[in-house]
Amino acid sequence: MHKDGTTPPARRDVLKATMAASVGALASGAAANKASAQAETLAKDERDQTLISRENAREGARDWQLTRVRLDERAGFRTSLIEGYCSRQSVAAGDTLDIMVSTRPEEKFTIEIFRTGYYGGRGARLMTTLGPFQGKAQPVPVPQDDRRLHECQWEPAVSLTIPSDWPSGVYLGRLTTLKDATGYGYWQSYVVFIVKDDRPADILFQCSDNTWQAYNKWPSNFSVYTHPKGNQGPWADVSFDRPYAKYAQIYENPQSMGSGEWLCFEFPFAYWLEKEGYDVTYCSNSDLVTPDRALKCKSFLSVGHDEYWDIRQYESVVKLREEGVNLLFFSGNAVCWVSPLTPNASGVPARRMFRGGPYGGDYKWATGREEKHGPFPHRGPDEGYLMGSRNVSPVNGAGDWVCVKPEHWMFEGTGMKKGESVPGLIGWEYHGDPPKDLPGLEVVAAGTALQGGVNPQQWTATIYPGPKKNFVFNASTIFWCQDLASPPGHMLPWSHWARPHGPDDRVQRITKNLMDRAIS
């Protein structure tokens with residue numbers, strides 16, 4: 001600078017150039033931010049026009065949960081006061097669904113059909129009310145052999161043709177007696193079914209209903225885990241032609257009476273997806289025995305406790321990956337047991353199942369299960385090469401979900417650092433021991449779970465590229481949805497002396513990053 005305070009020409013030119021570059025950079029950054037904001041707004045506007053967004057703009061129901069539920073025994077699983085089941089796991093518009101109901105004593109009852117979703121935070125919409133009907137006590141089947149199968153053949157209370165304007169979703173039928181023995185009260189339980197469609201949605205949400213049925217103890221401690229020969233062998237058959245008893249594993253949840261595990265470990269994910277306006281459609285495990293319907297979708301979700309897969313499901317999902325569909329396992333203990341789906345006594349397909357054998361190929365976890373619980377008639381491939389991680393042993397426990405690769409795109413916007421954890425998100429079952437020779441596999445989170453609070457086991461969350469610029473993600477926990485949302489009708493679980501905390505903005509952002517990439 002000259003003594004008179006002026007700037008020399010050469011330096012003045014440099015300063016002008018520097019200032020121009022800075023202004024240009026700022027303008028470029030502002031333009032980029034504006035473009036990004038516009039893209040997000042456009043994506044939201046597009047989502048706002050989806051079938052699911054329009055459905056969730058409708059008024060939700062204030063009263064759809066169970067209020068009065070009474071078990072036959074304090075330590076039991078069944079409510080014979082009113083209980084029922086549906087003739088199919090899933091139905092499409094135009095299909096007919098039979099709803100079977102038993103009441104003991106014989107009382108008049110109604111059936112209210114609700115679609116679960118977001119609905120402004122209420123969690124469900126009343127679709128129709130059926131009845132009143134005159135109830136009657138229907139018989140408990142007597143097993144015919146040591147397979148201990150309980151397969152009801154009840155008379156239908158009503159045959160419901162699914163209307164054309166009922167969107168895909170998980171539906172609950174609330175069964176309510178008009179009175180109880182006092183004359184002042186009433187008793188309730190649910191039936192559950194899925195409405196499916198064949199539209200090319202962004203997201204296919206597979207419900208884990210094979211696993212719901214595997215653990216179902218109706219009428220009195222009869223599941224694939226309660227056979228006298230052993231709790232993890234191939235000894236017991238179970239049927240979808242029976243009511244869902246109260247959920248019987250890790251915590252007491254009266255809302256599970258008749259609804260399987262939907263409200264426990266899957267509904268919070270669906271509630272969050274529909275709140276965010278994603279284009280989602282739903283299906284049963286049994287709908288994946290062929291891949292045709294799923295190939296129309298951009299992404300496939302396994303959610304919650306998805307332990308039991310027919311081998312045809314496995315082959316279908318491999319086909320999805322090879323054809324470019326993104327696979328996201330927001331689940332734990334998934335693809336653990338081969339569970340053949342077979343017809344019932346009337347020939348209706350996919351109404352019976354049993355534990356046929358482990359997935360895992362010749363790897364140590366499968367051979368160990370065979371040695372300990374076999375012999376089994378079936379053996380599935382190594383699930384690690386599909387999911388990116390395996391069912392280890394022990395496969396249950398609890399822990400924090402620990403970030404190990406914060407630079408990965410899935411963590412963008414979370415602010416997470418290496419070693420930062422989401423408390424209690426691992427549980428009560430998970431995956432670990434990822435295949436070391438799976439091309440492109442990355443471990444994005446990892447840590448130690450404690451079985452019973454004392455026995456350590458390692459878990460891993462992974463992601464790897466598919467063959468057509470798609471990807472496969474494995475969250476490695478049943479509890480993932482617990483930190484997405486806490487909708488009406490849902491109760492936070494706890495197990496192995498630990499618990500998830502509920503909605504966490506980091507888990508929500510990770511899920512959004514994954515879903516947005518999966519449907520882009």
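Reply: Happy to. About 150 Å³ of space lies in the largest cavity, and please keep in mind that this is a predicted model. The count comes to two cavities of 30 Å³ or more. The lining of the largest cavity is made of 18 residues, and those nearest its centre are Arg88, Gln89, Val192, Phe240 and Tyr244.

Which elements supply at least two residues each of this lining? They are strand E1 (82–86), strand E8 (188–196) and helix H3 (209–215). E8 gives the most, with four residues.

By class, six residues of the lining of the second largest cavity are nonpolar, two are polar and three are charged.

Three strands form an open sheet in the order E10-E17-E16, with antiparallel pairing. Strand E10 (237–239) and strand E16 (341–342) are the edge strands, each pairing on one side only. Three bridges join E10 to strand E17 (residues 352–354) in the antiparallel sense, and the bridge partner of Ser239 in E17 is Arg352.

Next comes a parallel set of strands, where burial and pairing can be read together. Strand E12 (residues 299–305) has seven of its seven residues buried, so E12 is largely enclosed by the rest of the structure. Strand E9 (residues 203–206) pairs with E12 in the parallel sense over four bridges; here Phe205 has Leu301 of E12 as its bridge partner. E12 also pairs with E14, again parallel, this time over seven bridges. You can follow that pairing through two positions: Ser299 stands opposite Asn326 in E14, and His305 stands opposite Gly332.

Strand E14 (residues 326–332) is mostly covered as well, with seven of its seven residues buried. In a regular strand the side chains alternate between the two faces of the sheet. For E14, both faces are covered: Asn326, Leu328, Phe330 and Gly332 are buried on one side, and Leu327, Phe329 and Ser331 on the other. E14 also has three bridges to strand E23 (residues 471–474), and these two strands run parallel. There, Leu327 stands opposite Val472 in E23.

Helix H5 (residues 267–275) is mostly covered, with eight of its nine residues buried. Those buried residues are Phe267, Pro268, Phe269, Ala270, Tyr271, Trp272, Leu273 and Glu274. H5 is followed by Gly277, whose phi is positive, near 85 degrees.

In helix H7 (residues 364–373), the buried residues are Trp365, Ala366, Arg369 and His373. Why do they lie on the same side of H7? They cover an arc of only 100 degrees around the axis, which puts them on that one side. The buried residues of H7 pack against strand E15 (337–338) and strand E18 (357–358).

One last stop is Phe133, found in strand E5 (residues 124–134). Phe133 and Lys108 are 25 residues apart in sequence, with 5.4 Å between their C-alpha atoms. Leaving aside neighbours within four places in sequence, Phe133 is in contact with Glu107, Lys108, Phe109 and Ile111, as well as Ala157 and Val158.

If you want a viewing order, start with E8, which gives four residues to the lining of the largest cavity.

Key: Residues are numbered from 1 along each chain as its sequence is written. This is a predicted model: local features need pLDDT of at least 70, side-chain atom pairs count only at pLDDT 80 or more; totals for chains, interfaces and linings use all residues. Side-chain values use heavy atoms; hydrogens and water are left out. Buried means under 20% relative accessible area, exposed over 50%, partly exposed in between (1.4 Å probe, protein chains only). The arc is that of the directions from the helix axis to the C-beta atoms. Contact means heavy atoms within 4.5 Å. Two strands pair if DSSP finds at least two bridges between them. On a 1 Å grid over the protein atoms alone, a cavity is a set of points where a 1.4 Å probe fits but cannot get out, and a pocket is an open set with protein on both sides within 12 Å along at least five of seven lines; lining residues have an atom within 4 Å of a point. Grid points are joined across faces, edges and corners, and a volume is the space filled by probe spheres set on the points. Ala, Val, Leu, Ile, Met, Phe, Trp, Tyr, Cys and Pro count as nonpolar, Asp, Glu, Lys and Arg as charged, and the others, Gly among them, as polar.
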